[in-house]
Amino acid sequence: ILKKYFWEIFPPTEDFDWRANLSHLIETGSPTHNGNIRYRPPLVKEEVIINIRSHPLKNRENNIIGTVSLVEYVTKKAKLEEGLRRAYRELRATQEQLVQSGKMATAGRLAGGVAHELNNPLGGILGFTQAALLDTKEDDQIYKDLKAIEEAALHCKEIVSGLLNFSRQTKGEFKEVDVNKAIEATLALVNHQTKLQNIEIVKDLSSRLSKVTGNFNQLQQVFLNMVTNARDAMPEGGKLFITTRNIARGKKVEATFLDTGSGIPEEHMDKLFEPFFTTKDPGKGVGLGLSVSYGIIKDHGGEIEVKNRKGAGVEFRIILPARRITAR
Ligand SMILES: Nc1ncnc2c1ncn2[C@@H]1O[C@H](COP(=O)(O)OP(=O)(O)OP(=O)(O)O)[C@@H](O)[C@H]1O
Ligand SMILES: [Mg+2]
């Protein structure tokens with residue numbers, strides 16, 4: 001199209017100012033190439049994507065007398081590329097998830113095996129200690145020592161049963177569970193402790209929450225760990241927001257636990273659910289809470305996610321499939 005200014009054919013848009021672009025070319029004499037510009041031509045509804053290459057047009061005296069511009073419509077190609085990139089990103093995310101859950105499965109089997117092996121000798125230690133206690137007078141020094149051994153062995157038993165739970169070698173019974181009730185029951189257990197530590201619990205539990213299929217005690221164990229972790233993250237006190245609601249058009253139930261605590265350093269994020277990962281002092285935490293919780297939630301066909309909330313603390317999100325109501 002000769003004898004027309006470029007911008008008469010392609011008026012400038014917000015995204016791209018042809019006039020400035022071409023004046024630059026005329027001033028400097030160097031070719032320009034602008035790739036993948038989104039352009040919505042006036043009067044046309046659809047956005048197009050174009051590539052523009054412009055070259056100076058010179059006369060014999062080497063003066064620039066115009067420009068030659070090649071406008072290439074690459075809308076289809078660019079959209080395909082975009083789709084491909086998106087698909088690739090999704091694939092990467094799925095792959096990472098798979099690697100992570102593979103790691104968890106291995107850790108789970110390993111932990112389960114070790115726990116199983118430890119269970120018998122531990123039973124022996126506990127049994128003999130308790131027998132010896134029966135034969136010892138309470139004011140004997142050895143009685144205190146035996147008591148200490150018994151206590152330590154009981155503590156080990158707790159860890160072992162946590163591990164067995166995590167690796168799902170003990171299988172609980174699944175029934176209809178009201179998640180709100182499991183949360184309330186958990187809070188009743190810790191009410192006293194949280195009050196002592198100046199932690200205010202702010203509940204927003206949906207009154208129309210769908211039921212889930214699951215094991216009440218196991219779910220309670222998960223919620224208890226959410227609350228104790230939040231408590232440990234707020235030694236100076238704070239707030240714990242607990243919400244439940246239906247999501248995915250009632251097909252899923254979501255429970256969130258948001259605290260105003262210390263948050264989690266980025267480098268810990270991918271280790272949280274591994275057995276024995278803890279930042280707490282020995283005696284305060286073993287690092288089994290979240291790995292057990294992970295095992296339980298997976299067993300329920302659900303998801304557990306964690307993220308740091310800027311300015312707040314940490315938010316744990318637990319998603320469980322709602323109980324399917326079978327047709328009459
Ligand atoms: N709400 C939270 N705020 C900050 N850090 C957290 C929170 N929840 C978990 N963490 C971090 O994750 C780690 C692992 O938690 P997990 O519940 O698995 O083990 P633990 O609480 O250390 O020990 P256990 O639960 O076995 O007594 C914690 O040590 C802590 O560093
Ligand atoms: Mg814990």
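The following questions and answers concern a predicted model of a protein chain.

User: Into which domains is the protein chain divided, and what distance separates the centres of domain 1 and domain 3?

Analyst: The chain is divided into domain 1 (6-73), domain 2 (93-166) and domain 3 (175-321). Taken over C-alpha atoms, the centres of domain 1 and domain 3 are separated by 58 Å.

User: Which residues is I318 in contact with, leaving aside its neighbours within four places in sequence?

Analyst: I318 is one of the residues that touch the most other members of the largest nonpolar core. Leaving aside neighbours within four places in sequence, its contacts are V222, F223, M226, V253, E254, A255, F257, I297, E303 and I304.

User: In what order do the strands of the open sheet stand, and which of them are at the edges?

Analyst: The sheet has 5 strands in the order β5-β7-β8-β10-β9, with mixed pairing. Two of these strands have a single partner strand each, so one side of each is left without a neighbour in the sheet. The strands at the edges are β5 (199-205) and β9.

User: What angle does the direction of α6 make with that of β10?

Analyst: Helix α5 (residues 179-196) lies across β5, β7 (238-247), β8 (252-259) and β10, and runs at about 170° to β5. Helix α6 also packs on the sheet, where it touches β5, β7, β8, β9 and β10. The angle between the directions of α6 and β10 is about 170°.

User: Which residues coordinate the magnesium ion (ligand 2)?

Analyst: The donor atoms are OD1 atoms, at 2.2 to 2.4 Å from the ion. Both residues lie in helix α6, 4 residues apart, which is about one turn of the helix. The coordinating residues are N225 and N229.

User: Is N225 buried or exposed?

Analyst: The relative accessible area of N225 is 12%. A residue counts as buried under 20%. N225 is therefore buried.

User: Where does L258 lie, and how far is it from E274 in space?

Analyst: L258 has its place in strand β8 and is buried, with a relative accessible area of 12%. Not counting residues up to four places away in sequence, L258 touches K239, L240, F241, R309, A312, V314 and E315. L258 and E274 are 16 residues apart in sequence, and their C-alpha to C-alpha distance in space is 21 Å.

Note on methods:
Residues are numbered from 1 along each chain as its sequence is written. Chains are lettered from A and ligands numbered from 1 in the order in which they are written. This is a predicted model: local features need pLDDT of at least 70, side-chain atom pairs count only at pLDDT 80 or more; totals for chains, interfaces and linings use all residues. Side-chain values use heavy atoms; hydrogens and water are left out. A nonpolar core is a set of buried Ala, Val, Leu, Ile, Met, Phe, Trp, Tyr and Cys residues joined through side-chain atoms within 4.5 Å. Buried means under 20% relative accessible area, exposed over 50%, partly exposed in between (1.4 Å probe, protein chains only). Contact means heavy atoms within 4.5 Å. Two strands pair if DSSP finds at least two bridges between them. Helices (H or I, at least four residues) and strands (E, at least two) are DSSP runs, numbered from the N terminus. Axes are lines fitted to C-alpha atoms, for helices over the stretch in contact, and angles run from 0 to 180 degrees between N-to-C directions. Donors are N, O and S atoms within 2.8 Å of the metal (3.2 Å for Na, K and Ca); water is not among the atoms, so sites may look incomplete. Domain bounds come from an automatic or database domain assignment.
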